[in-house]
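Please load the model in your viewer and keep the selection panel at hand.

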Amino acid sequence: VAPTPTGDSSSTSYSLMGIYLGVVYTIGRFLRLVFQDSSQRVIYEEMNDTELLQDLCSGIYIARITGDLESEYGFYYELIR
């Protein structure tokens, strides 16, 4: 009759599972770090030229300061469209 193992395989499987979980956790944290706030950055990274948006916002601001509500409405409509 062959002797039975004394528990080396169970401790090995626990340490292997610990290493596996550590690697998966580390990769998950790295991916989370890379894609953090990507929804907020997409506005600035995906547009080629933002000068038109800057001009529209400046026009809305100037029209509001001077009290020209018609121009402000027109610029705002262009911005939202």
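The stops below run from the whole chain to individual residues and pairs.

**Conventions.** This is a predicted model, in which local features need pLDDT of at least 70, side-chain atom pairs count only at pLDDT 80 or more, and totals for chains, interfaces and linings use all residues. Residues are numbered from 1 along each chain as its sequence is written, and side-chain values use heavy atoms, with hydrogens and water left out.

**Whole chain.** Display the chain as a cartoon: it shows four helices and zero strands, in the order α-α-α-α along the sequence. Helices (H or I, at least four residues) and strands (E, at least two) are DSSP runs, numbered from the N terminus. Now switch to a surface. The chain exposes about 7,700 Å², of which carbon and sulfur atoms supply 62%; accessible areas come from the Shrake-Rupley method with a 1.4 Å probe, and for residues only the protein chains shown count as cover. Of the 81 residues, 6% count as buried. Buried means under 20% relative accessible area, exposed over 50%, and partly exposed in between (1.4 Å probe, protein chains only).

**Nonpolar patch.** Select Ile19, Val23, Ile27, Phe30, Leu31, Val34 and Phe35, which form a nonpolar surface patch with about 690 Å² of accessible area together. Patches are made of residues with over 30% relative accessible area and no salt bridge, like charges being joined within 9 Å and nonpolar side chains (Val, Leu, Ile, Met, Phe, Trp, Tyr) within 5 Å. Within this selection, Leu31 belongs to helix H1 (residues 8–34). Leu31 counts as partly exposed because its relative accessibility is 43%.

**Helices H3 and H4.** Next select H3 (residues 51–66) and H4 (residues 69–80), whose axes come within 8 Å and cross at roughly 155°. The two helices are therefore roughly antiparallel, a label given to angles over 145 degrees, while those under 35 count as roughly parallel, 65 to 115 as roughly perpendicular and the rest as oblique. Axes are lines fitted to C-alpha atoms, for helices over the stretch in contact, and angles run from 0 to 180 degrees between N-to-C directions.

In H3, pick Asp55, which is partly exposed at a relative accessible area of 46%.

**Salt bridges.** How many salt bridges does the structure hold? There are two, each a side-chain nitrogen of Lys or Arg within 4 Å of a carboxyl oxygen of Asp or Glu.

- Select Arg64 and Glu72: their closest N and O atoms are 2.7 Å apart. Glu72 is buried at 13% relative accessibility, whereas Arg64 is exposed at 56%.
- Select Glu78 and Arg81: their closest N and O atoms are 2.8 Å apart. Arg81 is exposed, with a relative accessible area of 67%, and Glu78 is partly exposed, at 38%.
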